[in-house]
Every structure is written in C-alpha cells, then in structure tokens.
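Student: I would like to go through this model and ask what each label rests on.
Tutor: Go ahead, one label at a time.

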Amino acid sequence: MQTIQTRRRFLAGAAMAGAAGIVGLPESLHAEPPLETTTVRLPWWVDTSYCWAGAYIAGELMRAEGFTDVRYVKGDKSIDQSEWIARGETDFSVNFPPNQITSIDAGVPIKVLTGLHSGCLELIATENIRSVTDLRGKRVGVDGFNSSRHVWLTLMAAYVGLDPVNDIQWVLTEGVKPTELFVQGKIDAFLGTPPQPQELRAKKIGHTILNNAVDRPWSQYFCCMISATTDYVTRYPVATKRVLRSILKAADLCASDPQMVAQLMVDREFMPSYDNALQTLKDIRYDRWRDFDPEDSMRFYALRMQETGLIKAGPQQIIADGTDWRFLDELKRELKT
C-alpha cells in the first residue's frame, strides 16, 4: 500500500507540475522579494469538502513558488474549521462568509483575502415543498444551532419573510448524516454541501428548491472565501501573496480542466470519489473569482446577519476589521486572462 501511495503522489505531483506550465508560473519570481517563511498550513476537512479543490490542489503550485513545507492539517471535524484558524492550528482557512463574519465580530484576528467560488450549497426538500417559503411548519435538519447550516438557513428563511425561530421546526441531526434522515422521511429539508446533493440527485431522491450557483440573490455572492490569520498576513506579506496566487491559479484549473483536478484530488487522497469530485467541480462556479467583488459579499452577508441579530457589528466595521484586498488587487492585474 505504501508503494501505491508513493506512486500516486508522484504521479499527482507530475500532473500538477504539468498543470503549472498551463496556468503559468510567475515570470518575475526572482525579481520579487524573498519569502519570509517557506511554511504554510492549510485546512483539510477529510473526505467531505469536495468544494475545497482550489486549495487542495494548490500545494504543488506553492512549492513552485518556493514553499518547502506545505502542510494540510486534519483538524477536529466535530467543530467548524473557523475554530482551527482561531486556535492557530492553520494559517489559512476556506470557509463560508457568515462563518468568517461571525469570527470577525467575535474579535478573532483573521483577514478575509479573496472569494474563491460560488455555488456549493443546495437546499434539498421533499417533492411537496417548492420554495423556501414552503418551509413554514416543516422539519428542517441542522447539525446544531448556530452551526453553518443553521446560520445559512436562518438567513435564507428571513430573506423571504419567515420567522426562523417560530416558523420552522428545527431537527438536530446529532451526528447522523442529514441525507440518511431525509431518505428515512424524518426531515423534510436540509441544506446540502457536496457531495450530498450530487449523491441524492443521482438516486433521484428529493429535489433542489434553492441552488446558490443560480438562484438570486445568493448566486451573486461568494459562498466560499479565503482568509488568513492577521499574524501571518502582517509578518509574511510576500508569502501571503504567493499562497493566494497559487490558490487562485488552482481555481482557474478547476474551471478549465475539472477532469484533471478531480483525478488529482483522488490521487492525492484528499477525496475518495472521482465521480463526486468531478460532478462537484462541474456544478461549482470557480470562474467567478475575477468577476465578483468580495467586499460586496462580505457586506451582503454582514447586513443580513446584523438584521437577524446574529452579529452586533455593522457591515462597514466587519469589512474594516477583517478584510484585506491588497493582494487580490495585485493578483487580478497579474493574472489577467
């Protein structure tokens, strides 16, 4: 098994090296200031976060940028990975804007640096539910109050005029996969992340009533964004830019060659299923990082969260305290298509 794993990693590295030639490495690396550190720690949500492909396959590109120690950290899956970066276990984070906004509102020293993609959330429901407003009185599964799914669904329900507290029967999944409860008829709806919607669609179970890749207003904003600890950004600005450049180039690969990226994710053992990886890459809009304004996303979600009482600070305070767009502005000029 060790031989197979070594061969897989070698082949994956070779493939990514070829991909680096496709997306292009910086022509002026030697003209840039030297890296302040050659180490970076990134999150790895084992076997489930198919939508993190842009970060997962960026490791080889980071090595080409001069990093010699690229670590993917397997954190505690019982807590949201916003806690990993808050505890100093990772230097960078891939997360939903509401999670990052919650951290900023709580005083966690992070900086949101860019949007990564849109379209990794689908609200799955039984056939008799046709819209979000139809969730009134229905059983909606979440893995905990104030969890990612609960926050998203609270915002979605409030946006169409429902009272998230009184109009919805929240069902705590308590460690059971929401897909299992849905198939068993114990919940009427839940917010799915890859590969859950893809698996149910393949089995023709339930249907999607909201997809944030296509349904407004959610489709107009990022659903996953990249953040880093304030300490890393402050101490290592050159390294921060190169990490971000690698991730955004990897995002371009996700959009242009999903088959190769899906195979890399499996070969590098980040994800177990090629089919789920490929379908997720086809469903998610990795091509939007240049087009969307990340500040608009932060403002939109922060305003919704303030209106529903989930945070105290206003959007402008959140943006001022917890974002830094300097690197993205430079990279948009460098990485023009």
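Student: Which residue in β8 stands opposite L123?
Tutor: In this predicted model, L123 faces L191 of β8.

Student: What makes β5 and β8 a pair, and in which sense do they run?
Tutor: Two strands count as paired if at least two bridges are found between them. Strand β5 (residues 122-125) and strand β8 (residues 189-192) have four bridges, so they qualify, and the sense is antiparallel.

Student: What holds strands of a sheet together in general?
Tutor: Strands in a sheet pair through backbone hydrogen bonds, in a parallel or an antiparallel arrangement.

Student: What is the strand order of the open sheet?
Tutor: The five strands run β7-β6-β8-β5-β9, and the pairing is mixed.

Student: Why are β7 and β9 said to stand at the edges?
Tutor: β7 (169-172) and β9 (207-211) each have a single partner strand, so one side of each has no neighbour in the sheet. From one strand to the next, the twist averages 30 degrees.

Student: Which helix packs on the sheet, and which strands does it touch?
Tutor: Helix α6 (residues 148-159) does, touching β5, β6 (139-142), β7, β8 and β9. The direction of α6 makes about 140 degrees with that of β6.

Student: Where is K138, and why is it called partly exposed?
Tutor: K138 sits in the loop between β5 and β6. The term covers values between the buried limit of 20% and the exposed limit of 50%. K138 has a relative accessible area of 24%, so it is partly exposed.

Student: Which residues does K138 touch, leaving out those up to four places away in sequence?
Tutor: K138 touches N128, I129, D167, I168, Q169 and D188.

Student: How do α10 and α11 meet?
Tutor: The axes of helix α10 (residues 237-256) and helix α11 (residues 258-267) come within 6 Å and cross at roughly 115 degrees. L253, C254, A255 and S256 of α10 make the contact with P258, M260 and V261 of α11.

Student: What classes of residue make that contact?
Tutor: Six are nonpolar, one is polar and none is charged.

Student: What share of the protein chain is buried?
Tutor: Of its 337 residues, 56% are buried, a label that requires under 20% relative accessible area. The chain has 15 helices and 10 strands.

Conventions: Residues numbered from 1 in each chain as written. Predicted model: local features only at pLDDT ≥ 70, side-chain atom pairs only at ≥ 80, totals over all residues. Heavy atoms only, no water. Axes fitted to C-alpha atoms, helices over the stretch in contact; angles between N-to-C directions. Helix = DSSP H or I, 4+ residues; strand = E, 2+ residues; numbered from the N terminus. Contact = heavy atoms within 4.5 Å. Nonpolar A, V, L, I, M, F, W, Y, C, P; charged D, E, K, R; others polar. Buried < 20%, exposed > 50% of the residue type's maximum accessible area, 1.4 Å probe, protein only.
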